[in-house]
Amino acid sequence: MKIAVTGKGGVGKTTFAATLARLYADEGKHVLAADVDPDANLGLALGFDEETLDSIVPISKMRKLVEERTGANSQNQFYKLNPKVDDIPEKYGKVCNGVRLLVLGTVETGGGGCVCPEHVMLKRIINNLVLHRDDVVILDMEAGLEHLGRGTTESMDAFVVVIEPGARSVQTYKNVKRLASDLGVNQVMVVANKVRNEDDEEFIKSRIPEEDLLGMVHYNTEVIDADRQGKSPYDFSQTVTREIIKIKEKIDQK
């Protein structure tokens, strides 16, 4: 099972991705969760302690590793487009609650000149995770899809956009669906999070096609409490976990 979870910051996609990963791990599956969000906090949502997370350097920041694997020179003029990456998850991943976390990070282009080797490295790692590993792989993405290529997205079992009951969030879903279509992916599914009442439910149903809507996760202060304490929401809220279990069952049927 290969699942990419995307959405704007703050909508709860990391909570969803982490809970989904924990559920698969509880089934005894080998689970690899990759954090590809620049605001990397998937580790906390999985249950890692802050000390462990502070010791993790995102792959995108490992300049020496990138240079070694891509053969890039100081001007980034020549480098390999297919660097060796199959050993990266075991070498640099950390395990907690049955889930192996790999923090990839993202490429920062502002004022940094050419950063093509880093981009190639991340894209190659994601490609390897999706196409060449038997694990359940869950990618916690940002709203953009620049690290995904046609071959990678075509091999996804589920492409999930987490949204809130609001016009801007719905627009993000439409943008992701358009970008995914450009990559050859026609099925983009939606999880509505932080749903407060019937009005929110009706708003979601009126904006998202029924065939795209996997389910809804209702607003729950226990998730806020978990975040405040730096703990996994999976360990704090049985209500949210039960709602995500129902969504997972739909994903498994796809």
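In this predicted model, Thr241 is placed in helix 11, which spans residues 238-253. Thr241 is buried, at 10% relative accessible area. Beyond its sequence neighbours within four places, Thr241 is in contact with Thr19, Leu23 and Tyr234.

Helix 1 covers residues 13-26. Gly28 follows helix 1 and has a positive phi, near 90°.

Asp140 belongs to strand 5, residues 136-140. Is Asp140 buried or exposed? With a relative accessible area of 0%, Asp140 is buried, because the cut-off for burial is under 20%. Residues up to four places away in sequence aside, Asp140 touches Val5, Lys13, Thr14, Ala17, Ala34, Asp35, Val36, Asp37 and Leu42.

Val162 sits in strand 6. Its relative accessibility is 1%, so Val162 counts as buried. Val162 and Asp140 are 22 residues apart along the chain, and their C-alpha atoms are separated by 11 Å. Neighbours within four places in sequence aside, the contacts of Val162 are Val5, Thr6, Gly7, Val11, Gly12, Lys13, Phe16, Ser169, Val191 and Asn193.

The largest nonpolar core has 42 residues. Ile59, Leu104, Ile125, Leu139, Leu148 and Ile163 have the most contacts inside this core. Helix 6, residues 116-132, gives the most to the core, with six residues. A second, separate core holds 36 residues, among them Leu20, Ala21, Val31 and Met189. Ile163, from the largest core, is in contact with Val11, Ser169, Val170, Tyr173, Val190, Val191, Ala192, Asn193, Ile204 and Ile208, leaving aside neighbours within four places in sequence.

Helix 6 also meets helix 4, residues 63-70. The two axes come within 10 Å and cross at roughly 80°. Helix 4 and helix 6 are therefore roughly perpendicular to each other. On the helix 4 side, the contact is made by Arg63, Leu65, Val66, Arg69 and Thr70. Helix 6 contributes Pro117, Glu118 and Met121.

Helix 8 runs over residues 167-182. At 1.5 Å a residue, its 16 residues should span 22 Å. The end C-alpha atoms are 23 Å apart, which agrees. Which residues of helix 8 are buried? They are Ser169, Val170, Thr172, Tyr173, Val176 and Ala180. Viewed down the axis of helix 8, these buried residues fall within an arc of 150°, so they line one face of the helix.

Gly184 follows helix 8 and has a positive phi, near 90°. The C-alpha atoms of Gly184 and Gly149 are separated by 9.4 Å, although the two glycines are 35 residues apart along the chain. Gly149 is found in the loop between strand 5 and helix 7 (150-154). Gly149 is buried, with a relative accessible area of 12%. Apart from residues up to four places away in sequence, Gly149 touches Lys123 and Leu183.

Backbone angles give two further sites. Most residues other than glycine have a negative phi. Asn97 is not a glycine, yet its phi is positive, at about 55°. Asn97 is placed in the loop between strand 3 (94-96) and strand 4 (99-103). Its relative accessible area is 36%, and Asn97 is partly exposed. Lys194 also has a positive phi, near 60°, in a residue other than glycine. Lys194 is placed in strand 7. Lys194 is partly exposed, with a relative accessible area of 30%.

Definitions and conventions: Residues numbered from 1 in each chain as written. Predicted model: local features only at pLDDT ≥ 70, side-chain atom pairs only at ≥ 80, totals over all residues. Heavy atoms only, no water. Core = buried A, V, L, I, M, F, W, Y, C linked by side-chain atoms within 4.5 Å. Buried < 20%, exposed > 50% of the residue type's maximum accessible area, 1.4 Å probe, protein only. Helix = DSSP H or I, 4+ residues; strand = E, 2+ residues; numbered from the N terminus. Contact = heavy atoms within 4.5 Å. Expected span 1.5 Å × (residues − 1). Arc of directions from axis to C-beta. Axes fitted to C-alpha atoms, helices over the stretch in contact; angles between N-to-C directions. Parallel < 35°, antiparallel > 145°, perpendicular 65-115°, else oblique.
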